[in-house]
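Subject: Handover of a structure and the findings

Dear colleague,

Please find below the structure that I am passing on to you. The findings follow after it, arranged by topic.

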Amino acid sequence: MTFPPKQGEGKPTPFMSRGTPEVESWNAAQHCRQGQSRGAWGHRLDGFPPGQPSPNNLDQICLPNRQHVVYGPWNLPQSGYSHLTRQGETLNLLETGYSRCCRCHSYTKRLECAKLVWEDAMTQFCEAEFSVKTRAHRCCKRQGEARFSCFQEEAPQPHYQLQACPSHQPGISSGPELPFPPGVPTLDNIKNICHLRRFHSVPRNLPATDPIQRQLQALTRLEGEFQRCCRQGNNHTCTWKAWEDTLDRYCDREQAVKTHHHSCCQHPPSPARDECFASRAPYPNYDRDILTLDLSRVTPNLMGHLCGNTRVLTKHKQIPGLIRKMTARCCELPFPEQACCAEEEKSAFIDELCGSRRSFWTDSAFCCDLNSGDEQTNCFNTNYLRNVALVAGDTRDAKGQGEQGPTQGTNISPTPGPKEE
């Protein structure tokens with residue numbers, strides 16, 4: 001984009017604005033994944049074949065925060081490696097069954113359930129292997145217990161103790177840093193500016209230093225100006241002018257003191273100053289409070305996010321109703337019990353969506369055509385629940401709370417929305 005010239009300035013200098021990136025997400029199922037580059041895929045996926053459940057590994061299998069991968073077209077090669085797709089589908093189905101089994105209060109029933117899920121998953125894998133003309137997995141050529149023993153012997157991680165992911169979890173900021181400087185308003189981010197929370201979440205208890213106070217004053221003033229512009233119908237020109245004027249005033253206050261000034265204020269009022277501030281904005285798309293979560297496996301950490309004040313951003317209108325079911329009863333329980341409760345609510349809601357509410361929404365992935373239980377749940381996990389974007393905190397926009405946001409944002413509702421087109 002090009003910044004308009006300041007009054008009295010010459011021809012503006014060109015400035016390429018940052019494109020609007022995909023919302024960054026973090027969940028174990030996406031980032032603790034295969035590291036293969038193109039052409040480096042082998043004969044098996046990490047963790048395949050999976051170890052058979054036993055008293056030695058059941059606690060690890062049912063560990064709430066155990067990391068696993070959700071496989072699909074997003075992380076598997078789409079030509080020449082169909083055997084990896086069959087392995088991935090088996091691992092997905094297995095993890096869905098494990099989530100159900102781990103809700104059993106009795107240790108004995110939990111173990112029996114996990115063993116049965118594992119045996120069924122490996123049996124279905126062999127059926128899929130024999131359904132194609134390529135060479136089947138060697139263990140599938142055996143029968144009964146000999147087949148299961150073969151898979152167990154070949155399991156690379158029989159105890160399910162996977163290597164931990166790097167300790168990196170972007171998302172909702174909680175540190176003592178202000179979102180300063182604010183990003184330059186563009187046609188790409190104007191909807192986020194007007195519909196999502198912007199500066200309401202500035203950290204409290206910030207150091208009472210003059211530089212930080214001047215930044216906070218600038219953000220507070222800009223927030224008020226943005227609200228005025230947004231009431232004019234998401235007026236981009238208005239927001240851009242407010243941004244420029246606010247930062248010019250900020251630099252006037254910076255230069256009124258003798259201490260070290262913000263580096264961008266060393267430029268006079270000009271496109272060069274605007275470009276400097278824009279290039280240093282930590283959240284140029286005003287998406288600071290958007291967090292993408294994986295609902296395919298409910299964990300205590302996930303419930304910590306869901307039980308907060310959130311708004312759902314999704315094109316699948318049944319998802320807000322699902323989250324409402326998961327949180328309405330479960331968030332009132334003690335923290336260790338929330339995840340188990342939410343998994344039960346999720347299963348019940350999927351049964352409802354594929355039953356009495358089947359005609360109220362469009363099942364684009366045809367999950368309800370599958371057998372009820374683990375197959376349906378696995379389909380929902382893979383196609384609808386793997387990436388759900390949430391906005392944390394107060395999300396009231398300039399026109400009032402409850403309206404649809406820029407990316408089909410919907411306040412959590414107890415029932416599915418109207419049928420999707």
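Predicted model: local features only at pLDDT ≥ 70, side-chain atom pairs only at ≥ 80, totals over all residues.

Overall picture

The chain has 421 residues, of which 48% count as buried. Its secondary structure consists of 13 helices and 4 strands. When contacts between residues at least 6 apart in sequence are considered, 74% of them join residues at least 24 apart.

Helices H4 and H5

Two packed helices are described by the angle between their axes and the distance between the axes. Helix H4 covers residues 107-130 and helix H5 covers residues 144-154; they pack at an angle of about 95 degrees, and their axes are 11 Å apart. An angle of 65 to 115 degrees counts as roughly perpendicular, and H4 and H5 are therefore roughly perpendicular to each other. On the side of H4, the contact is made by Trp-118, Glu-119, Met-122, Thr-123, Phe-125, Cys-126 and Phe-130. On the side of H5, Arg-147, Phe-148, Phe-151 and Gln-152 take part. Sorted by class, this contact has 7 nonpolar, 2 polar and 2 charged residues.

Disulfides

A disulfide is a covalent bond between the sulfur atoms of two cysteines. The count for this chain comes to 12 disulfides. Three of them are described here.

Cys-126 and Cys-140 form a disulfide with their sulfur atoms 2.2 Å apart. The torsion about their S-S bond is about -85 degrees, so this disulfide is left-handed. Cys-126 sits in helix H4, while Cys-140 sits in the loop between H4 and H5, 14 residues apart. Is Cys-126 buried or exposed? Cys-126 has a relative accessible area of 1% and is buried. Cys-140 is likewise buried, with a relative accessible area of 1%.

The sulfur atoms of Cys-139 and Cys-150 are 2.0 Å apart and form a disulfide. This link is left-handed, with -70 degrees about the S-S bond. Cys-139 lies in the loop between H4 and H5 and Cys-150 in helix H5, so the pair ties together parts that are 11 residues apart in sequence. Cys-139 and Cys-150 are buried.

The torsion about the S-S bond is about -75 degrees here, so the disulfide is left-handed. Cys-367 is in the loop between helix H12 (335-353) and helix H13 (374-383), and Cys-379 is in helix H13, 12 residues apart. Both cysteines, Cys-367 and Cys-379, are buried.

The cut-off for a disulfide is that the sulfur atoms lie within 2.5 Å. Cys-340 counts as partly exposed, at 25% relative accessibility.

Backbone details

The bond from Phe-48 to Pro-49 is cis, with omega near -5 degrees, and Pro-49 is found in the loop between helix H1 (28-31) and helix H2 (58-61). The bond from Phe-180 to Pro-181 is cis as well, with omega near 0 degrees. Pro-181 has its place in the loop between H5 and helix H6 (190-195).

Asn-234 lies in the loop between helix H7 (210-230) and helix H8 (236-255), and it counts as partly exposed at 25% relative accessibility. Phe-366 also has a positive phi, near 60 degrees, and is a residue other than glycine. Phe-366 is found in the loop between H12 and H13. With a relative accessible area of 54%, Phe-366 is exposed, whereas Cys-367 is buried.

Yours sincerely,
A colleague

Technical notes: Residues numbered from 1 in each chain as written. Heavy atoms only, no water. Axes fitted to C-alpha atoms, helices over the stretch in contact; angles between N-to-C directions. Helix = DSSP H or I, 4+ residues; strand = E, 2+ residues; numbered from the N terminus. Parallel < 35°, antiparallel > 145°, perpendicular 65-115°, else oblique. Contact = heavy atoms within 4.5 Å. Nonpolar A, V, L, I, M, F, W, Y, C, P; charged D, E, K, R; others polar. Buried < 20%, exposed > 50% of the residue type's maximum accessible area, 1.4 Å probe, protein only.
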